[in-house]
Amino acid sequence: MNAAAETALELLLEVEHVAKAFPRGDGGELNVLDDVNLTLREGEIVGLLGRSGSGKSTLLRLIAGLSTPSSGEIRFAGRPVHGPSRGIAMVFQGFALFPWLTVEENVVLGLEAQKLPRDAMHQRAESAIDLIGLSGFEAAYPRELSGGMRQRVGFARALVVHPRILLMDEPFSALDVLTAETLRGDFLELWAEGQMPIGAVLLVTHNIEEAVQMCDRICVFGSNPGRILVEIPVNIPRPRDRLDPRFRALVERIYVEMTARAPRPAARPELFPGSGIGTVLPRVSSNLLAGLMETVAGPPFGGRADLPVIAQSLQLEIDDLFPVAETLQMLRFAEVEGGDIRLTDAGVDFANSSLDDRKLSFRRHLLAYVPLAAHVRRVLEERGSHRAPKSRFLDELEDHMSPEAADLTLRALVSLARYAEAFVYDDAAGEFRLEEAAA
Ligand SMILES: Nc1ncnc2c1ncn2[C@@H]1O[C@H](COP(=O)(O)OP(=O)(O)O)[C@@H](O)[C@H]1O
Ligand SMILES: [Mg+2]
């Protein structure tokens, strides 16, 4: 698009210097979004690509007027957003249908705020239902429909208001791969034919391929706090073919952007001032940690590999591979840089060791490089009972992160500690114990 064409298209959405912080239990604040800037013009599909927990849903809620920014401004068609706008509709990941209402009643619900005559409401609902491929199911209840059909109802309910802006929060991620592919294809076809009664689309996703397939521009979103790291135009003609070398090259490029900018908790302690235990840990399987080291150490990679290639050979999605690579980096078994993963000497040793030696090495690294692990272990050692309730550590973590993140972090820690035989967690008693599996 040249500059003249760009200015000709109406600016529908402006997000300017938007920040959002939530209050924490201790009176402090959790900064979820920081200085987010974004525009959306008539006719565009813009992607917001980021990992889970980066603040994407929070941003969509601000744009939808369901919540207020801590600072900055959001304008819809030139006017500041101060609450839900009639011209903005949202499709949710979890469908959000009312089980006791039929398909048509669920769709009509989207129109409730617009005081239309009954006939007009009925007609609008019919045409939205028709457009999205639900004809014949008007009287069905959500429970009678497949996941894909339910999400079609979710789309119809948003389309029925003829929104200027459609916000989509991971609308395909709760569907199986084939259903998602079909629904994406149908959506893009209607969009290309100009049949969608929508001005522009903001699509939130954590799936790079989905972003490249659907969007005109992709805003890559970073975490902690959430912000836009880079904006990438997608100049591949539609309909797009995943196997097109240009498609592959762009997926690779974005992959590199995202891994190059992945957070490095262990390497940057200054990000977590104070006790140093406030790093959010991702939940990863210890089998995958060991498996990734083995794969990278073995032929043909010899200690260094391209992450996309590894993802493919392990049949993993980007969202599954990142946390694994990152955890290895945190434990100093690997370094992640520019889309590559390289094992450290310790990582190579690990891959070539016996099971017992692996556990020893893993425990050493866990206690040396994950301050939270060392902290829990120290507390357990100091107590005569060698036990401590989970709530004690949860309280501490909640000074640094949201209650959900604190809970996930402790679960992630437990799984790493179990593998390392550093300590265990007794779910029934709700307490940590210094009890080596060998004992
Ligand atoms: N109402 C809230 N109060 C406190 N923390 C919140 C609230 N909503 C979201 N968060 C926190 O903000 C962060 C980003 O969440 P979210 O926007 O849902 O991320 P995403 O959609 O990218 O997965 C998470 O750490 C989450 O726990
Ligand atoms: Mg979300």
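This is a predicted model: local features need pLDDT of at least 70, side-chain atom pairs count only at pLDDT 80 or more; totals for chains, interfaces and linings use all residues.
Q: Where does His386 lie, and what makes its phi value stand out?
A: His386 is found in the loop between α14 (371-382) and β14 (387-389); helices (H or I, at least four residues) and strands (E, at least two) are DSSP runs, numbered from the N terminus. Phi of His386 is positive, about 55 degrees, although the residue is not a glycine. Most residues other than glycine have a negative phi, and most peptide bonds are trans.

Q: Why is His386 called partly exposed?
A: A residue is buried if 20 or more other C-beta atoms, placed from the backbone, lie within 10 Å of its own, exposed if 12 or fewer, and partly exposed in between. His386 has 14 other C-beta atoms within 10 Å and is therefore partly exposed.

Q: What is the phi of His162, and why does this residue count as partly exposed?
A: Phi of His162 is near 50 degrees, a positive value in a residue other than glycine. His162 lies in the loop between α5 and β7 (165-169). Its count is 18 C-beta neighbours inside 10 Å, so His162 is partly exposed.

Q: How do you know that the peptide bond from Pro299 to Pro300 is cis?
A: Its omega is near 0 degrees. Pro300 lies in the loop between α9 (286-297) and β11 (304-306). A cis peptide bond also joins Asn224 and Pro225, with omega about -5 degrees, and Pro225 is in the loop between β9 (217-222) and β10 (227-233).

Q: How many helices and strands does the protein chain have, and what makes it as compact as a globular protein of its length?
A: The protein chain has 16 helices and 16 strands. Its radius of gyration (taken over C-alpha atoms) is 24 Å, close to the 22 Å that the globule rule (2.2 Å times the number of residues to the power 0.38) gives for 439 residues, so the chain is as compact as a globular protein of that length. Buried residues make up 37% of the 439 residues.

Q: Which parts of the chain are called domains, and how do they touch?
A: The chain is divided into domain 1 (9-260) and domain 2 (286-433), with bounds from an automatic or database domain assignment. The contact (C-beta atoms, placed from the backbone, within 7 Å) takes 15 residues from domain 1 and 14 residues from domain 2. On the side of domain 1 that touches domain 2, the largest share, five residues, comes from helix α8 (residues 245-260).

Q: How do you know that ligand 1 lies between the domains?
A: Both domain 1 and domain 2 give residues to the shell around ligand 1, so it lies between them. Of the 14 residues around ligand 1 (C-beta atom, placed from the backbone, within 6 Å), Phe22, Lys56, Ser57, Thr58 and Ser402 come nearest. The largest share of this shell, three residues, comes from α2. The shell divides into four nonpolar, eight polar and two charged residues; Ala, Val, Leu, Ile, Met, Phe, Trp, Tyr, Cys and Pro count as nonpolar, Asp, Glu, Lys and Arg as charged, and the others, Gly among them, as polar.

Q: What makes a set of residues a nonpolar core, and which residues touch the most other members of the largest one?
A: A nonpolar core is a set of buried Ala, Val, Leu, Ile, Met, Phe, Trp, Tyr and Cys residues joined through C-beta atoms within 7 Å. The largest such core has 66 residues, of which Ile63, Ala156, Ile165 and Leu167 touch the most other members. Helix α5 (residues 147-159) gives the most to this core, six residues. A second, separate core of 41 residues includes Val284, Leu292, Leu343 and Phe362.

Notes: Residues are numbered from 1 along each chain as its sequence is written. Chains are lettered from A and ligands numbered from 1 in the order in which they are written. Two residues are in contact if their C-beta atoms, placed from the backbone, lie within 7 Å.
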